[in-house]
Amino acid sequence: MADPVKLTIDGIAVEAAPGTLLIEVAREMGKEIPAFCYYEGLTQVAACRMCLVEIDGMPKLMTACTQPVGEGMVVRTETPKLAEARKGTLEFLLTNHPLDCPVCDKGGECELQDMVFRYGAAESRYVEIKHHHEEQQWSPVVYFDPARCILCYRCVRVCSEGMGVNALGIVQRGAYAEIAPNHTDHLNCDECGACIDICPVGALTSDSYRYQTRPWEMNHVGTVCTHCSNGCKTTLGVRNDQILRGNNRDRSGINGEFLCVKGRYAFDFNESDERLTTPMIRKGGKLEPASWSDAIRFVAGKFKQVADAGRRIGVVGSARTTNEENYYLQKFARQVLGTQSIDHQRSGDVVTLLDALAGRQNALATVEDLYQSKAVLVIGTDLAQQHPLLHWQIRANWRHHGAHTYSVTAGPVREDQHTVGAVRAAEGQEIAALEQLRAQLAAEAELAIVFGDSVKGDAVRQLVAFGDSLGIPVKYVCLVDYVNSRGALDMGLTPELEPGYRAAADRGMTLPQMLADEHLAALWVVNADPLRDGALAAKDAFVVVQDLFLTATAQRADVVLPSASLYEKQGTVTNVCGEVQRLKKAAQTMGAKADLEIIGLIAKEMGAAAKMGPWMADKVFTEVQQVVAGYNVPLPVLATGGAAQTAPPSAKIGVETDPALIRSARDTLFTSGTLGSYSRKLDSLLESPGSLYQGEDALALTAQ
Amino acid sequence: MTLPPELEQKFSEIIGKYPPQHKRSALVPLLLYSQDALGKITPELVTEVARRVGVFPVQVEEVLTYYSMLHFPKPMGKYHVQICTNVSCQLTGGPELWERACKKLGLGHKEVSADGLISLEEVECIGACSWAPAIQINYDFHHFVTPEKLDELLDNLRQLQ
Ligand code: SF4
Ligand code: SF4
Ligand code: SF4
Ligand code: FES
Ligand code: FES
């Protein structure tokens, strides 16, 4: 590294790496140089002139957001002259500003308000009529109020640089300049809301949040997005048990401030009118409301009867329940119900990957690795649609570090914008196509490989062999669908593998086998919907369903028990990269219970409470840490909202699993399995339900 | 969008002047040239130009709306009359010329005659201060314009048709 540069800021001697911007050095020192257009991670535009500083020997005030440190530089960041300059800038910004703070969503957390408060530019010498332009709705998500805009370009840059969508521009000029959407009067975009969150003022607002509340009236609860497997940390704004907004402005967690449309807006399923709020028991062919105690007693009685008679019970777990719940469920199934028939819908061949890596350390990439690795190879997935955070990371890696991106996909993907090697290959043909990239890849210093569900079974082993043959360090990410798809596998929600990928002593039925078994006596489905596109052969099977909604499976149930959502639970989830994060309960729905509690109550009713242990998330996690290999992660990391990667099994797993069981739901950016179908917001979007491999077309290059 | 052959050729010529990694620099010349050749800039053309220089259509719109000599989305007339009312011209009768032109043509700022022949625009300094008041019709400058000269110029436009 080059020698550090020595300089003085406000009389304090500091050192910084050459090229560091003054504003960054000052921030490191705890000095907040005011800035609107400067934004960490985005390019510099020096458009707002708020960050002016005095530098000895330079006749004019300089913008700290573009001025790199210089040897011997003497800088002052707070002087009367600067205060005057900043005040002047603010006065200009306010000339056409409507000053409608009392009704503006941003009131209380507005950067313009804060600055005017700091520099006291409340008085205006501008007496002309303000230029005004009415507020516009650009999509079911995005609203724009031009009068409030201070033209900082943050929204434009986050959309083009960060997202790669390029849906926003600035049209006209001077006092008439304003932000414009890509389709004249509306947007066709990812609807991620990044532009809204990044806006320092209330110019861009979201349909979900606008005019709902004041920011200080909410509780801000940091938890994990309940949709895809990427596991973004989200901070929910909650008032009276109602989730009003989702964002991550504090940049905590693996995703920084990134969230996709689902994380930011598709929390509305939680308040859907169709949420189940009372248990139901089938009476005379109809599901009738029942009390919790009656329902639990009924289920426990039936389970006991079936188990005692030695008849077959199938248990279907979920990719959307917590690790604790999944662990507890399989323990219950295996130890209390005495069945090995436990499964869930698998969406990626994690098992074969772990087996092929045979205990190798440092071979599984984290979300951070995708931002750091010098090269990334994407196979068989449309990341921008299916794994938005991973796409964001890889793009940021390219933007900030010039990382090389390669892809082998069935159609155009957004990485094409910066790819150095893109190969098109039909699903299932990806591994053969890899050879075309061999020479290029072997010349890289390191590689992170991300692969989708079309690479499974033997193909995974071939992929690892290919990685090995490159002779460079390679890390892998096996993509899975939902927030805890990975955790479900880790916790042993398969008939062939117990928690921590230990081979099961005797194998029960897989999910398709359960559905096809005419003699199945009971089926217990926890937050899954296998009958959405499957049929149950056992006509008389006693079916218990725990879910948020009356799904196809729930409609067939004999007992339906209303579950709490992930936003209403404590516990942990494990993301696509095997990183464990802790949930925080943000809200609650009257009548619904966390699945852990429901399982616990059934256990208690069956007299198995002692065997199962307390149904408290913390207690169960302690057991998970002891029992499940790899889960002995540092608790302080979890407690402070961080993510801790689990260790892979220490040797080959040595259990054959059937690749045919692996099937991703192929959700797009605008669908999310069962939850997605109960999100009005997702449903209302022009882009919904979206499709994969549309690449640039999806960005609507055919504008207007 | 398929371009007329002459325009197509002009496009390759203009884009060819820039290094491939900087072909977006061809944006303004392409737009100006298309506007002259086609008489207007349509949304289809915006998309086409964006594709050719490798930017997004909204970025083309940014440029189109920034530069006052590019007219989008509303095209101007075949003869675009631009009257300067900035300082030098203001002191030497520019505003009067503007009023007169408005009245004579029955048009206001950035309005186009029903037949699409003539349009009017009040512009800022066109760099002809030494010869103020100045007006510009398409690319032609007219200096020291008097009310009579203005009438004559405008009448001529009708005849040119
Ligand atoms: S919501 Fe649309 S316009 Fe805004 S940043 Fe996301 S993709 Fe861009
Ligand atoms: S809308 Fe907001 S983020 Fe975008 S330029 Fe205006 S003030 Fe900045
Ligand atoms: S990328 Fe996945 S985890 Fe992140 S906000 Fe979107 S759906 Fe949620
Ligand atoms: S922050 Fe430096 S000019 Fe805007
Ligand atoms: S002011 Fe009219 S040409 Fe300069």
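Author: **Chain B and beyond**

Among contacts (heavy atoms within 4.5 Å) in chain B between residues at least 6 apart in sequence, 60% join residues at least 24 apart. The model is predicted, so local features need pLDDT of at least 70 and side-chain atom pairs pLDDT 80 or more, while totals for chains, interfaces and linings use all residues. Residues are numbered from 1 along each chain as written, chains are lettered from A and ligands numbered from 1 in written order, and side-chain values use heavy atoms, without hydrogens or water.

Start with the outline of chain B. Read from the N terminus, they run α-α-α-α-β-α-α-β-β-β-β-α. Along the principal axes, the C-alpha atoms of chain B fill a box of roughly 50 × 30 × 25 Å. The chain has 161 residues, and 47% of them are buried (under 20% relative accessible area; exposed is over 50%, partly exposed in between; 1.4 Å probe, protein chains only). Its accessible surface (Shrake-Rupley, 1.4 Å probe) comes to about 8500 Å². Carbon and sulfur atoms account for 54% of that surface.

Now pick out one residue. His71(B) sits in the loop between α4 and β1 (79-84) of chain B. His71(B) has a relative accessible area of 9%, so it counts as buried. Set aside its neighbours within four places in sequence. His71(B) is then in contact with Gln35(B), Ile41(B), Met76(B), His80(B) and Glu121(B).

The lining has 47 residues, and Leu151(A), Tyr153(A), Val156(A), Ile170(A) and Glu62(B) are closest to the centre. From chain B, α2 (27-38) and α4 (57-66) each supply at least two lining residues. From chain A, α2 (80-93), α4 (154-163), β8 (168-171) and α12 do likewise. The largest share, five residues, comes from α4(B). By class, the lining divides into 26 nonpolar (Ala, Val, Leu, Ile, Met, Phe, Trp, Tyr, Cys, Pro), 14 polar (the others, with Gly) and seven charged (Asp, Glu, Lys, Arg) residues.

The second largest pocket has a volume of about 890 Å³. It is lined by 40 residues, and Gln345(A), Tyr482(A), Ala528(A), Asp529(A) and Pro530(A) lie nearest its centre. Here α17 (511-516) and α23 (673-677) of chain A each supply at least two residues. This lining holds 16 nonpolar, 13 polar and 11 charged residues.

Two ligands come next. The shell of ligand 3 (a heavy atom within 4 Å) includes Cys225(A), His227(A), Cys228(A), Cys232(A) and Cys260(A). Both α6 (261-265) and α12 (388-401) of chain A supply at least two residues of that shell. By class it has eight nonpolar, three polar and one charged residues. Around ligand 2 there are 14 residues, with Cys149(A), Ile150(A), Cys152(A), Cys155(A) and Cys199(A) coming nearest. That shell has 13 nonpolar residues, no polar ones and one charged.

Finish in chain A. Thr226(A) lies in the loop between β11 (219-224) and β12 (233-239). Thr226(A) is buried, with a relative accessible area of 2%. Beyond its neighbours within four places in sequence, Thr226(A) is in contact with Phe269(A), Arg320(A), Val483(A), Leu566(A), Tyr567(A) and Leu675(A).

Definitions and conventions:
Helices (H or I, at least four residues) and strands (E, at least two) are DSSP runs, numbered from the N terminus. On a 1 Å grid over the protein atoms alone, a cavity is a set of points where a 1.4 Å probe fits but cannot get out, and a pocket is an open set with protein on both sides within 12 Å along at least five of seven lines; lining residues have an atom within 4 Å of a point. Grid points are joined across faces, edges and corners, and a volume is the space filled by probe spheres set on the points.
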